[in-house]
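Trainee: I would like to go through this structure with you in the form of questions. May we begin with single residues and then turn to the wider architecture?

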Amino acid sequence: MQLTLRQAAGYLGVSDATARRWITERGLPVHEVNERLYLNAVELWEWTVEHGVEVSRSLLDHARRAPDTVPSMSELLRVGGISYDIEATNKIELLREFVARLPLPPEQDRATLVSVLEAREAMGSTGIGDGIAIPHVRNPIVLHLDHPFVTLGLLAHPIDFEAMDGKPVHALFMVVSPTVPVHLRILAQLGFLLRDDELRAMMQRRAPFEEILGRIEMLEATRTTGSYRTARPE
């Protein structure tokens with residue numbers, strides 16, 4: 001459940017100005033989306049407990065009725081899709097082309113998103129090894145969207161991404177979510193799935209969408225039963 005700063009101030013029983021002051025003076029947790037500030041209801045409740053600040057009980061009641069749900073990776077990928085045969089000769093070209101293909105609403109500022117991704121790469125590669133990268137910024141990519149999504153990009157030709165293992169990148173994931181907690185939980189799902197050698201091989205050979213999706217759905221179905229070993233051998 002996301003709140004505007006005004007809604008949060010209402011739950012706290014303070015003015016908008018006081019809530020803004022608490023951001024800098026007391027670490028009130030906020031997330032900036034398109035130059036607007038939003039708060040996560042659960043994070044706000046936790047902050048009030050830690051700081052001894054009174055808050056309306058209705059805040060937690062509302063948050064419980066509208067929790068941050070996280071779809072499965074297969075559902076997220078059905079929304080975000082797989083973008084095939086991305087042409088690029090270097091990392092910056094790749095980021096620009098990939099962002100241009102993301103299924104973002106028209107009002108989203110793609111140029112700004114590319115800029116922050118480029119700045120993050122200047123600090124160190126987001127290549128995680130074995131030809132895969134997960135471009136991200138220091139803070140998760142949180143946009144004002146109704147639903148999160150994940151997009152997989154498969155390159156026409158691998159390129160140098162300055163990854164720690166030195167391998168060129170042939171696949172990259174973009175995680176876009178409406179809140180930070182959702183973003184982190186999606187990354188946890190992705191981390192589990194990318195342990196699977198067969199899924200990695202499918203991405204490297206640019207397998208069809210339904211084949212990749214089917215593999216992910218199989219891994220998701222067997223994750224809780226332990227009937228399939230995804231861990232790569234030591």
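**From single residues to the sheet**

Trainee: What is the relative accessible area of Asp85?
Mentor: Asp85 is classed as partly exposed; buried means under 20% relative accessible area, exposed over 50%, and partly exposed in between (1.4 Å probe, protein chains only). The relative accessible area of Asp85 is 40%.

Trainee: At what pLDDT do side-chain atom pairs count?
Mentor: Residues are numbered from 1 along each chain as its sequence is written, and side-chain values use heavy atoms, with hydrogens and water left out. This is a predicted model, in which totals for chains, interfaces and linings use all residues, local features need pLDDT of at least 70, and side-chain atom pairs count only at pLDDT 80 or more.

Trainee: What phi does Asp85 have?
Mentor: Most residues other than glycine have a negative phi. Asp85 lies in strand β4; strands (E, at least two residues) and helices (H or I, at least four) are DSSP runs numbered from the N terminus. Asp85 has a positive phi, near 55 degrees.

Trainee: Which residues does Arg206 contact, leaving aside its neighbours within four places in sequence?
Mentor: Arg206 lies in the loop between α9 (197–204) and α10, and Arg206 also has a positive phi, about 55 degrees. Its relative accessible area is 35%, so Arg206 is partly exposed. Contact means heavy atoms within 4.5 Å. On that basis, the partners of Arg206 are Tyr84, Asp85, Leu154, Leu155 and Ala156.

Trainee: How far apart in space are Arg206 and His170, C-alpha to C-alpha?
Mentor: In sequence, Arg206 and His170 are 36 residues apart. Their C-alpha to C-alpha distance is 9.1 Å.

Trainee: Is Glu121 buried or exposed?
Mentor: Glu121 belongs to helix α7 (residues 110–123). Not counting residues up to four places away in sequence, Glu121 touches Lys91, Leu95, Thr126, Pro135 and Phe161. With a relative accessible area of 5%, Glu121 is buried.

Trainee: Which strands stand at the edges of the sheet?
Mentor: Five strands form an open sheet of mixed pairing, in the order β4-β7-β8-β6-β5; two strands pair if DSSP finds at least two bridges between them. Each edge strand has a single partner strand, so one side is left without a neighbour in the sheet. The edge strands are β4 (82–86) and β5 (127–129).

Trainee: How many of the residues of β8 are buried?
Mentor: Strand β8 (residues 169–176) runs parallel to β6 (residues 132–133), and two bridges join them, with Ile132 opposite Ala171. Seven bridges join β7 to β8, and these strands run antiparallel; there, Thr151 has Met174 as its bridge partner. β8 is mostly covered, and its buried residues number eight of eight.

Trainee: Which strands does α10 touch?
Mentor: Helix α5 lies across β4 and β7 (149–159), at about 70 degrees to β7. Helix α10 packs on the sheet as well, its direction making about 130 degrees with that of β4. The strands touched by α10 are β4 and β7.

Trainee: At roughly what angle do the axes of α5 and α10 cross?
Mentor: Axes are lines fitted to C-alpha atoms, for helices over the stretch in contact, and angles run from 0 to 180 degrees between N-to-C directions. The axes of α5 (residues 73–80) and α10 (residues 209–223) come within 9 Å. Angles over 145 degrees count as roughly antiparallel, and α5 is therefore roughly antiparallel to α10. The crossing angle is roughly 160 degrees.

Trainee: Which residues of α10 meet α5?
Mentor: On the α5 side, the contact involves Met73, Ser74, Leu77 and Arg78. On the α10 side, the residues are Phe209, Glu210, Leu213, Ile216, Glu217 and Glu220.

How values were computed. Angles under 35 degrees count as roughly parallel, over 145 as roughly antiparallel, 65 to 115 as roughly perpendicular and the rest as oblique.
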